[in-house]
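Colleague: Thanks for making time for this one. Could you open the model, so that we can go through it together?

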Amino acid sequence: MASNAYDVLVLGSGFGGSLLSAILAKSGMSVAMVDRARHPRFAIGESSTPLADSALAQIAKDYDLPELMPLTKYGSWKRSHPELTCGLKRGFSYFGHRRGQPFDASDQLVVAASASDEVSDTQWLRSDVDQFLFQLANQVGADSYEGVDYHLETEQAGWRLTGVGETSPLSLHAEFVVDATGPAGVVLETLGIADQTHELKTRSQAVFGHFAGVRTVADMLVERGVDCDRHPFSCDAAAVHHVLDDGWMWQLRFDDGTVSCGHMLPALGDGEMLNPRQVWDERLATYPFLHRQFSGATLVRPSGGLQATGRLQRLTSVAAGRNWAALPSTAGFIDPLHSTGIAHTLFGVRRIAAAMLGENRLRQQRLQVYSQAVIDELKFIDQLVEGCYAGLPHFRLWSAWCMLYFAAVTSQEHASDPAEVSSFLGVDDVEFGRMLIMARQKLQATLDGDPGPEELASFESWLRDALQPWNRVGLLSPEAAGMYASTAAPI
Ligand SMILES: Cc1cc2nc3c(=O)[nH]c(=O)nc-3n(C[C@H](O)[C@H](O)[C@H](O)COP(=O)(O)OP(=O)(O)OC[C@H]3O[C@@H](n4cnc5c(N)ncnc54)[C@H](O)[C@@H]3O)c2cc1C
């Protein structure tokens, strides 16, 4: 039997758990990572952002982990780690589609996030990246236990994990435990922490997989005579969003030619199950553009076939306590829209690391601040996402509501220290919060009036004025006509 005592047990060795383990081990703590699965394994959540890049770079500097630095930009990633699959992500592109109708070229929105390919964001093939970070944690001293079936319980002096590893039984003790298990939320479950998902307004679920043979959007547009030269960067080197009548589809292109694709749909009721293949085929059959784009596509990952989730939204009422902390994506989750997950996780990793490695007497206070902050941030993301869905099927309302996210994120990207961790997306900006509530009321009034072009333009105009204090990059400017080059993060 492996029987060991550690300072910290990190449950879950996704990129978040692995990075936190690497930081703590590198800083001298004894750390054990425990995962039910084994690397490499399929994982979803692949599209990075400038805030994620700067947070990762800051971790590399603060904790003497130079191995991370190449992964913060596309150019250095490709030179240093060609064996780790990634994709070029210059920003966000959106294309509106109506059921059964041909694509209308006026329904486009392209927003730059990175100024050049060299400094660009990336799409992470998570099986590669997570394994790399897991191995890094091992190299800097963390112990790891994979494929473990276990039971966790509290003890007077901390935590006890007993279980069966791949070769032998194990019994591990630690003073502190980090829950990095994502939706499993093992520590939250063990402690019986109350859930507050009912506070969330977004209701969506996903069907997804990785495909080969998906035609590029640019190719499809050129075929329809649409001028792609208007795009500030290649629209496929992006988090591509196909905005549909009642949901949207993401497409993230990797350099090995495969594409992560997923449909986001209105969530079914509790206990209702969807058939992923049926949903997928129906959606392709409904939207002629997608039908043609996928005509030669085949599913290549994961080995189990198309994946379907239930409702994705969840939120805990407490994200840290005296001797435990949960990473952001364990504390809650809203939706893939706006690609907030990786950046939020990295902000969480930094805050938990700072609490654990800082002055001992401040640890409790810092963990409490973290707990409240991460919950407030998830509620804020809920507001940023829910309004987009509410605007459907109007592509213009969807696009206008997206500008609230871009105002929040570009404000943080342009701040003197974008990786400053006190608040993710500027959630502590009270004025922005007030404006967001007013914007939602205005959106509702617009929707209630069954809007035509004039009402849509009037909402955009109202929002342009309301956003002005946070709009450093020309969002909603009529001259941009939905094509934003000036939104790229400062280098
Ligand atoms: C459909 C979807 C699409 C997304 N798209 C994006 C995106 O484009 N961009 C973005 O930034 N974010 C996205 N996200 C969010 C992103 O996936 C998460 O933010 C990210 O995966 C969090 O990483 P993590 O390491 O904290 O947890 P995870 O990646 O969830 O890793 C959890 C780890 O815990 C292990 N585990 C599970 N149960 C147990 C257990 N009981 N005991 C021990 N180990 C366990 C798992 O094997 C895994 O290794 C998306 C999420 C979803 C659901």
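Colleague: To begin, what percentage of the 491 residues in the chain is buried?

Modeller: Please keep in mind that this is a predicted model. A residue counts as buried here when its relative accessible area is under 20%. By that cut-off, the buried share of the 491 residues in the chain is 60%.

Colleague: How many helices and strands are there in the chain, and what is its radius of gyration?

Modeller: The chain has 14 helices and 21 strands. For 491 residues the globule rule gives 23 Å, and the chain comes close to that, so it is as compact as a globular protein of that length. Along the principal axes, its C-alpha atoms fill a box of roughly 65 × 50 × 45 Å. The radius of gyration itself is 22 Å.

Colleague: Let's turn to the ligand. Which residues of the shell are the closest?

Modeller: The ligand is surrounded by 32 residues. By class, that shell holds 14 nonpolar, 13 polar and five charged residues. The closest of the surrounding residues are Asp 35, Arg 41, Arg 126, Tyr 150 and Ile 342.

Colleague: Which helix gives the largest share of the shell around the ligand?

Modeller: Two helices to look at are helix 1, residues 15-26, and helix 10, residues 341-357, each of which supplies at least two residues of the shell. The largest share is three residues, and it comes from helix 10.

Colleague: What percentage of the area that the ligand exposes when taken alone does the protein bury?

Modeller: Let me start with the polar atoms around the ligand. A polar side-chain atom of Arg 126 lies 2.6 Å from a ligand oxygen, and a backbone N or O atom of Ser 47 is 3.0 Å from a ligand nitrogen. Gly 341 also places a backbone N or O atom 3.2 Å from an oxygen of the ligand. Taken alone, the ligand exposes 1,000 Å², and the part of this that the protein buries is 88%.

Colleague: Now to strand 6. Which residue of that strand is the bridge partner of Leu 88?

Modeller: Strand 3, residues 86-89, and strand 6 run antiparallel and are joined by four bridges. Strand 6 spans residues 121-124 and is covered on both faces, with Asp 121 and Gln 123 buried on one side, and Thr 122 and Trp 124 buried on the other. In this strand, the partner of Leu 88 is Thr 122.

Colleague: Is His 338 buried or exposed?

Modeller: His 338 lies in the loop between strand 20 (332-333) and helix 10. Although it is not a glycine, His 338 has a positive phi of about 75 degrees. Its relative accessible area is 1%, under the 20% cut-off, so His 338 is buried.

Colleague: And where is Leu 425 found?

Modeller: Leu 425 is a residue other than glycine with a positive phi, near 60 degrees. At 3% relative accessibility, Leu 425 counts as buried. Its place is the loop between helix 12 and helix 13 (430-448).

Colleague: Which residue has its backbone oxygen 3.1 Å from a polar side-chain atom of Trp 159?

Modeller: Trp 159 belongs to strand 9, residues 158-164, and counts as buried at 0% relative accessibility. Its C-alpha atom is 9.5 Å from that of Trp 324, which is 165 residues away along the chain. The backbone oxygen in question belongs to Asn 323.

Colleague: One more: which side chain makes a polar contact of 2.9 Å with the side chain of Gln 293?

Modeller: Gln 293 lies in helix 8, residues 288-293, and is buried at 0% relative accessibility. Its side chain makes a polar contact of 3.5 Å with the side chain of His 242. The contact of 2.9 Å is with the side chain of Gln 251.

Conventions:
Residues are numbered from 1 along each chain as its sequence is written. This is a predicted model: local features need pLDDT of at least 70, side-chain atom pairs count only at pLDDT 80 or more; totals for chains, interfaces and linings use all residues. Side-chain values use heavy atoms; hydrogens and water are left out. A residue is near a molecule or strand if one of its heavy atoms lies within 4 Å of it. A polar contact is a pair of N or O atoms within 3.5 Å; within protein, one must be able to donate a hydrogen and the other to accept it, and residues adjacent in sequence count only if both atoms are side-chain atoms. Accessible areas come from the Shrake-Rupley method with a 1.4 Å probe; for residues, only the protein chains shown count as cover. Ala, Val, Leu, Ile, Met, Phe, Trp, Tyr, Cys and Pro count as nonpolar, Asp, Glu, Lys and Arg as charged, and the others, Gly among them, as polar. Buried means under 20% relative accessible area, exposed over 50%, partly exposed in between (1.4 Å probe, protein chains only). Two strands pair if DSSP finds at least two bridges between them. The radius of gyration is taken over C-alpha atoms; the globule rule is 2.2 Å times the number of residues to the power 0.38.
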